[in-house]
There are 2 protein chains.
Amino acid sequence: MTLVDIEKLNIRTKEISHLASALSLLEWDTQVYMPEKGSGGRSETTSLLRTLVHQRFMEIDADGLLSELKKKLDNGDLGGKEAAIVREVWRDFERERKLPEAFVKELAQTTSRAHKVWEKARKESDFGTFQPYLEKIVELKRKEADLVGYGDSPYDALLDVFEPGMDAKETGRILGELKDFAVPFLEKIKQAEVSIDEKKILGDFPIEKQKEFNEFIAQKMSFDLEAGRMDVSTHPFTINFHPQDVRITTRYSIEDIMYSIGSTIHEAGHALYEQGLPHEHFGTPLAEYISLGIHESQSRVWENQIGKSKEFWQYFYPELQSRFPNPFKDLELDEFYRIINKVEPSLIRVESDELTYNLHIILRFEIEKQMIEGDLKISDLPDIWNQKVKDYLGIDVPNDREGILQDVHWSGGSIGYFPTYSLGNLYSAQFYNQAQKELPDLSGEVSKGELAPLREWLREKIHIHGKQFTASGLVKEVTGEELNPNYYTQYLQEKFSSIYGL
Amino acid sequence: MTLVDIEKLNIRTKEISHLASALSLLEWDTQVYMPEKGSGGRSETTSLLRTLVHQRFMEIDADGLLSELKKKLDNGDLGGKEAAIVREVWRDFERERKLPEAFVKELAQTTSRAHKVWEKARKESDFGTFQPYLEKIVELKRKEADLVGYGDSPYDALLDVFEPGMDAKETGRILGELKDFAVPFLEKIKQAEVSIDEKKILGDFPIEKQKEFNEFIAQKMSFDLEAGRMDVSTHPFTINFHPQDVRITTRYSIEDIMYSIGSTIHEAGHALYEQGLPHEHFGTPLAEYISLGIHESQSRVWENQIGKSKEFWQYFYPELQSRFPNPFKDLELDEFYRIINKVEPSLIRVESDELTYNLHIILRFEIEKQMIEGDLKISDLPDIWNQKVKDYLGIDVPNDREGILQDVHWSGGSIGYFPTYSLGNLYSAQFYNQAQKELPDLSGEVSKGELAPLREWLREKIHIHGKQFTASGLVKEVTGEELNPNYYTQYLQEKFSSIYGL
């Protein structure tokens, strides 16, 4: 009987997932191929379909099917996969149900306007014009937290959308440890006075040839091109319609080939997670990712632990040299490795290195947490921002465009999103440490370009479980302990101490 | 009050049209970019969305809004655009309403299976395996005609989907006149013994350079690339999401550049119609095409009257010669013109010339009309087919693959579709004749590559009206008389008499 009910629920969520797939295709096309004048009609099509998906989801319990299953879950009558399905569908349902349509509409309209204002404000480097919109967004997000409910901090309710199970306090503790390591460590690196000339790897790289090399790497990573595509867009992203159609994009810089390579490896890491979800369970939580942090761990482990390692380039650098003799022919692997790992505090998050990236995240987390908890005035934000950049990175912010206005997230109402980037880094180090234990020849394999063993390990340990575990449950299952920042700080310390001779 | 009701109706049809746009994007992506393994999930997404569109449309009169408007229309209380809107929405609604869901489902399942069987049967050139499926389809299509209702012939009810207002008798009369001209005229051409060596225009044409030339032509035709795209697919097609996003595809043959040029001009002709529909009325019949025949007239006038004319190539041939000196440098325009207009009876419809194409259509129309009227046995089809090919085209059909099994239409249940191809040719000649009267320097403009004046004329006379007129109403409005096959036969006679010295 329960099995039949679960099947009924699965049919409903599967239909909703197919509608969401259509929506994803609309979004993919908008970013990748839509002609300019198509945008007006497209945004209407998209918003209609989004409403439809929401309505369908709200109807899912019209006959009480989900509530009945939830009761069974609470009584302990469900186990294993069934329990996970009901737990996760209920979680989403309960949250969405608590948000009245009028509120959702107001938030959507506010962020839609705010996004346009932010674009203009950033261009003109003028926080003042954006400020009232951000104030309104913060007010609405606080209201969202009230509607949804929370324990300690209203920030918990927002973070929970992106990183279920994590809260402000725990995130603060973990990122605090990371900050306590990174700030003084960065100071040491600065004083090391090792000179690295990153201009040596700039050149004139034809896009077609870059494409071929990126495809070569993605295929070596076992990204399945029969179940996915690689295209071009202004901002690189990964999107999936179902596990057998997962698409990534990158952007090409003629001058800097490392941009497209880094973004391809990052997005392909995300894509391997999506392709690794069990497609036979498509439309249920069993074929969904756990959290943004876990998703990011999958892109980061490939981008950093692998894609910026010496072993990886032992195999791929000769390939790069033969495809692009200029400028790589006469540049030694060791120097190339130092260049792509150069640590240098910069103003812009998305252009920063592996170490300082986290400081960008931490300052954003600290600020947005305070914004939501009401502990600061929005008008003070630029000063607070600039002070933190000075304190953590040691540099001066010359203007709002390169400071407080650089990221799109807040203008779209995404508050609670930033910390998942650094959580992803932390998860990735802990997972990778475990992979090294369980695959004793991992380094050797990577240095021969054999990346499939790691992909298999990630698939078996992480991907195939879908949403059966929570993030912290998965970390414990895979590594035997809770999320522990030491793995990441140790990784950073070893890697950069070696590069900077500390 | 009425205006308010019309606005309400428009809101409903507009929503349905946006869902149909999403469906069209799914179909475009399936043909153009979807990776192989994506097809399973894609067909589920597509069929779900199709069901949703149907359901929404069936709900359109749930509160009697449409019925009320229909009453007003019948009482003569509506005029102009409002009358057209109600007339056309009611037309579609009434037809769909008469088909029970179980029937629609059975037909969809049957054609889905039949399509796969047809693919295999064609490959193996074995009509026998396809026969029982075609029998079933014909039985269901007869049932559809019964459900929908008809006057004279059940074929009327099927034709009406594709060419509203046209019936079997009138189509038979018109295509009969065309046949009475074309069969003896073809005989004369055969006896003319003019020798034309079409191999002279074959070569080795890099696809990138073909693409550039095709884009050059499409832009000269005023196809708006900011409101559309050109891509590649196995079978060329045009699809629109709304008038500001209209996409065409072609296929490239390395050896035969005329294939992509012909298909680009044809599809761009369709696309100009779609881009010319008044986008402010998107979602209502005022921004929909009238019939497949009228649509085809827009592709054919560009493909044939323009794209195979001496004037057109007076401008474009020097361009072709300079872009592809081999093989065109030493080939005279006159000979090139004769080659691209060579008349030669062939087995395959889609490879046939401007004149014999119609005989392919006429024989299919005669056969499918008899199928539906129950005047022949499906098992006799190959013999009947082969006899007609012999009678009309004078050639022997060596096998079913190149005979009765060559077209996809019947396997998909599209019976009543074929005649719209030749009706399109007939409309195109009558429209073009009128355009020549109203634009006295048309030939001169075309010979200078100035194609915009014709596009403007077609837009003002045809495109902007959407579905306000019926097909025959439009022809009368634009040309002052009913559809008259003489314009087309006269065009064919003059053109090919000159080429073949008759």
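1. At what angle do the axes of helix H11 and helix H17 of chain B cross? This is a predicted model. In it, the axes of H11 (residues 292-306) and H17 (residues 419-438) of chain B cross at roughly 60°. They come within 7 Å. The crossing of H11(B) and H17(B) is right-handed.

2. Next, the residues behind that crossing. H11(B) contributes residues including B:Leu292, B:Ile294, B:Glu296, B:Arg300 and B:Val301. From H17(B) come, among them, B:Tyr421, B:Gly424, B:Tyr427, B:Phe431 and B:Tyr432. By type, the residues of the contact of H11(B) with H17(B) divide into 9 nonpolar, 9 polar and 2 charged.

3. The interface takes 36 residues from chain B and 36 residues from chain A. Of the interface residues of chain B, 100% are also interface residues in chain A, so the copies meet through the same surface.

4. How much area do chain B and chain A bury between them? The value is about 3000 Å², with 60% of it on carbon and sulfur atoms.

5. Charged pairs also link the chains: the count between chain B and chain A is 8 salt bridges. One salt bridge joins A:Asp224 to B:Lys37. Their closest N and O atoms are 2.4 Å apart.

Definitions and conventions: Residues are numbered from 1 along each chain as its sequence is written. Chains are lettered from A and ligands numbered from 1 in the order in which they are written. This is a predicted model: local features need pLDDT of at least 70, side-chain atom pairs count only at pLDDT 80 or more; totals for chains, interfaces and linings use all residues. Side-chain values use heavy atoms; hydrogens and water are left out. Axes are lines fitted to C-alpha atoms, for helices over the stretch in contact, and angles run from 0 to 180 degrees between N-to-C directions. Helices (H or I, at least four residues) and strands (E, at least two) are DSSP runs, numbered from the N terminus. A crossing is left-handed if the near helix is turned anticlockwise from the far one by less than a right angle, and right-handed if clockwise. Contact means heavy atoms within 4.5 Å. Ala, Val, Leu, Ile, Met, Phe, Trp, Tyr, Cys and Pro count as nonpolar, Asp, Glu, Lys and Arg as charged, and the others, Gly among them, as polar. Buried area is the accessible area (1.4 Å probe) that two parts lose on being put together, summed over both. A salt bridge is a side-chain nitrogen of Lys or Arg within 4 Å of a carboxyl oxygen of Asp or Glu.
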